[in-house]
Amino acid sequence: YCNIYAYDTLDDIEARKIIIYDNTIRRENTTAVKVQSIINMNRLMKDTRPAHRPDTKRVRIAKQISEIFGDSEGTIKGLYQLRNLIPEFWPFLDSKDPKNKITQQFARAVSVLSPDLQRFLYESGLYQQRWSSKKLRALTRARTEEEVENLFTEPDPYVIRSQITTNIPIPDTYKA
């Protein structure tokens with residue numbers, strides 16, 4: 001199936017949108033390529049967004065992109081959040097090597113940090129550590145290298161639960 005457009009029916013921005021869509025849909029892309037496509041599509045849609053008028057309903061850009069790419073709006077927003085990730089981390093998003101692989105959850109947490117803190121994580125090799133959800137939440141609030149290092153030097157609290165078996169009958173006043 002192919003759409004053919006006359007030369008004068010498309011402006012430059014519409015042609016770029018079609019090219020981005022075509023490149024993204026036709027092949028299996030890395031996460032980095034998909035994020036770059038979303039960033040470019042977002043920029044183009046902002047440039048062509050009509051001025052606020054009472055007679056037009058504005059649709060959120062993330063929703064439009066999700067319909068174009070066939071992904072959920074949440075997926076598009078999550079990928080768009082990676083736009084602030086430093087270039088050193090991009091190859092690790094799609095890496096097959098478990099030692100040099102980062103998850104999208106980690107990448108999203110790191111992308112909210114300053115570029116200097118991101119470089120510290122990269123250069124110190126801390127990105128290779130095991131990151132729990134709790135540590136990732138704490139990481140997003142870190143503002144200094146010391147705060148990041150403390151995530152691994154402070155012991156993790158843990159809870160021990162036990163179970164006992166008894167023959168004592170349950171009291172009549174007990175409500176489950």
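1. Which helices do the buried residues of α7 pack against? They pack against α6 (104-111), α8 and α9 (145-153). Here buried means under 20% relative accessible area, exposed means over 50%, and partly exposed is in between (1.4 Å probe, protein chains only). Contact means heavy atoms within 4.5 Å.

2. A word on the basis of this note. This is a predicted model, in which local features need pLDDT of at least 70 and side-chain atom pairs count only at pLDDT 80 or more, while totals for chains, interfaces and linings use all residues. Residues are numbered from 1 along each chain as its sequence is written, and side-chain values use heavy atoms, with hydrogens and water left out.

3. Start with the overall build. The protein chain has 9 helices and 0 strands. From the N terminus, the order of elements is α-α-α-α-α-α-α-α-α. Helices (H or I, at least four residues) and strands (E, at least two) are DSSP runs, numbered from the N terminus. Of the 176 residues of the protein chain, 29% count as buried. Take the contacts in the chain with a separation of 6 or more: residues 24 or more positions apart account for 57% of them.

4. Now look closely at α7. Its buried residues are Leu117, Gln118, Phe120 and Leu121. They cover an arc of only 155° around the axis, so they sit on the same side of α7. The arc is that of the directions from the helix axis to the C-beta atoms. An α-helix has 3.6 residues a turn, so residues three or four places apart point the same way. The face of α7 turned away from the buried side carries the exposed residues Asp116 and Glu123. Just after α7, Gly125 has a positive phi of about 80°.

5. Gly70 follows α3, and its phi is positive, near 75°.

6. Next comes helix α4 (residues 73-80). Its buried residues are Glu73, Ile76, Gly78 and Leu79. They pack against α2, α3 and α6.

7. Which residues do ring pairs link into a cluster? They are Phe89, Phe92, Phe106, Tyr122, Tyr127, Trp131 and Phe152. Rings of Phe, Tyr and Trp (its six-membered ring) pair if their centres lie within 6.5 Å; planes under 30 degrees apart count as stacked, over 60 as edge-to-face and the rest as tilted. By this rule there are 9 aromatic pairs. One of them joins Phe92 and Tyr127, which are stacked, at 5.0 Å centre to centre with 15° between the planes. Phe92 lies in helix α5 (residues 90-93) and Tyr127 in the loop between α7 (115-124) and α8 (133-141), so the pair ties together parts that are 35 residues apart in sequence.

8. Stay with Phe92. Is Phe92 buried or exposed? Phe92 is buried, with a relative accessible area of 11%. Tyr127 is buried too. Leaving out residues up to four places away in sequence, Phe92 touches Asn100, Lys101, Ile102, Tyr122 and Tyr127. Phe92 and Thr31 are 61 residues apart in sequence and 9.9 Å apart in space, C-alpha to C-alpha.

9. Tyr127 also turns up in the lining of a pocket. The second largest pocket is lined by 13 residues, and Lys101, Thr103, Tyr127, Gln129 and Trp131 lie nearest its centre. On a 1 Å grid over the protein atoms alone, a pocket is an open set of points with protein on both sides within 12 Å along at least five of seven lines; lining residues have an atom within 4 Å of a point. The lining divides into 6 nonpolar, 4 polar and 3 charged residues. Ala, Val, Leu, Ile, Met, Phe, Trp, Tyr, Cys and Pro count as nonpolar, Asp, Glu, Lys and Arg as charged, and the others, Gly among them, as polar.

10. Two residues complete the note. Ser37 is found in helix α2 (residues 31-48). At 10% relative accessibility, Ser37 counts as buried. Leaving aside neighbours within four places in sequence, Ser37 is in contact with Ile20, Thr24 and Phe69. Glu14 lies in helix α1 (residues 12-26). Glu14 is partly exposed, with a relative accessible area of 32%. The C-alpha atoms of Glu14 and Leu44 are separated by 8.4 Å, and these residues are 30 residues apart along the chain.

Terms used. On a 1 Å grid over the protein atoms alone, a cavity is a set of points where a 1.4 Å probe fits but cannot get out, and a pocket is an open set with protein on both sides within 12 Å along at least five of seven lines; lining residues have an atom within 4 Å of a point.
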